[in-house]
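Please open the model in your viewer, switch to a cartoon view, and keep the sequence panel beside it.

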Amino acid sequence: MRRGAPQDQELVGPGAPGRGSRGSPPSSGPVVPVLVFPPDLVFRADQRSGPRQLLTLYNPTGTALRFRVLCTAPAKYTVFDAEGYVKPQSCIDIVIRHVAPVPSHYDVQDRFRIELSEEGTEGRVVGRKDITSVLRAPAYPLELQGHSEPTPNPGPPVWTGLTPARHLQENAPQQLATSSFLLFLLAGVISVAFLLLPLQDELGSQLPQVLHVSLGQKLVAAYVLGLLTMVLLRT
């Protein structure tokens with residue numbers, strides 16, 4: 001066999017070796033278009049989960065069709081669900097994994113063939129499509145993978161922007177404590193003022209009636225004052 005015309009071989013399930021076969025041309029009759037995506041397979045040798053691609057096959061007809069995946073280099077690939085049936089007006093995903101991502105296989109084109117046939121063991125082939133497959137080299141050499149790129153020397157540190165930021169960060173808790181203390185002090189003054197005001201039914205007071213408070217308001221003021229005292233004592 002001359003170079004450049006490799007023989008098609010069937011690619012069976014995961015880990016199983018392929019068996020040689022030549023697909024017969026489609027028989028006379030209606031030809032079904034083989035709709036697959038993507039039209040070409042590009043594997044990357046630096047994929048973390050291993051070089052793999054997802055091939056989607058669509059059946060546009062109203063009857064179920066049997067599919068089969070063939071390959072010119074079955075020893076380099078593993079196909080999950082290499083043959084089966086596609087339901088009418090449905091699609092199926094075929095996972096293809098490159099099991100030999102070695103440098104000698106970089107940029108070498110292989111060929112896959114998708115064959116569609118009618119249901120049954122002796123169903124005639126009604127459509128086929130060839131797609132190319134290629135393994136690309138990693139973006140970085142293998143000896144550099146897993147190592148971070150060297151970073152240039154940043155030079156002497158600049159302290160101009162750091163000093164104000166640090167000063168602001170250190171002063172933030174002090175400002176917050178001062179604001180809380182002023183708030184507690186204001187609430188305490190208001191509570192004491194409520195306690196000093198006369199009751200509504202108290203007689204002989206020189207204050208206007210609008211400044212007279214109820215017993216419930218005095219109880220609330222006393223309760224708030226007690227809480228503030230506990231907080232101040234704990235801090």
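Begin by selecting the four strands that form an open sheet, which follow one another in the order 3-5-9-7 with antiparallel pairing. At the edges you will find strand 3, residues 35-37, and strand 7, residues 77-80, each of which pairs on one side only. Neighbouring strands of this sheet are turned against each other by 25 degrees on average, with direction ignored. Please keep in mind throughout that this is a predicted model.

If you select valine 36, you can look across to its bridge partner in strand 5, leucine 57. The next pair is strand 5 and strand 9, which are antiparallel and share eight bridges; here glutamine 53 has isoleucine 96 of strand 9 as its bridge partner. Finally, four bridges join strand 7 to strand 9, residues 90-98, and these two strands also run antiparallel.

## Stop two: the whole chain

Zoom out until the whole protein chain is in view, with its two helices and eleven strands. Reading along the sequence, you pass through the pattern β-β-β-β-β-β-β-β-β-β-β-α-α. Of the 235 residues in the chain, 27% are buried.

Nonpolar side chains in soluble globular proteins tend to be buried together. To look at such a group here, select Leu55, Leu57, Ile96, Phe112 and Leu116, which have the most contacts inside the largest nonpolar core, a set of 26 residues. Several elements give two or more residues to this core, among them strand 4 (41-44), strand 5 (52-59), strand 10 (109-117) and strand 11 (125-136). Which strand gives the most to the core? Strand 6 does, with four residues.

Next, display the surface and look for the second largest pocket, whose volume is about 160 Å³. Eleven residues line this pocket, and the closest to its centre are Arg66, Arg68, Ser117, Gly123 and Val125. Strand 6 and strand 10 each supply at least two residues of the lining, and the lining as a whole divides into three nonpolar, four polar and four charged residues.

## Stop five: backbone details in the loops

Most residues other than glycine have a negative phi, and most peptide bonds are trans. With that in mind, select phenylalanine 37 and proline 38, which are joined by a cis peptide bond with omega at about 0 degrees. Proline 38 lies in the loop between strand 3 and strand 4.

Then move to aspartate 81, in the loop between strand 7 and strand 8 (83-86), where phi is near 65 degrees, a positive value in a residue other than glycine. Aspartate 81 is partly exposed, with a relative accessible area of 48%.

End the tour at aspartate 107, which is found in the loop between strand 9 and strand 10 and has a positive phi, near 60 degrees. Is aspartate 107 buried, exposed or partly exposed? Aspartate 107 is partly exposed, and its relative accessible area is 48%.

Terms used: Residues numbered from 1 in each chain as written. Predicted model: local features only at pLDDT ≥ 70, side-chain atom pairs only at ≥ 80, totals over all residues. Heavy atoms only, no water. Pairing = 2+ DSSP bridges. Axes fitted to C-alpha atoms, helices over the stretch in contact; angles between N-to-C directions. Core = buried A, V, L, I, M, F, W, Y, C linked by side-chain atoms within 4.5 Å. Buried < 20%, exposed > 50% of the residue type's maximum accessible area, 1.4 Å probe, protein only. 1 Å grid on protein atoms, 1.4 Å probe; cavity = no way out; pocket = protein on both sides within 12 Å on 5 of 7 lines; lining within 4 Å. Points joined across faces, edges and corners; volume = space filled by probe spheres on them. Nonpolar A, V, L, I, M, F, W, Y, C, P; charged D, E, K, R; others polar.
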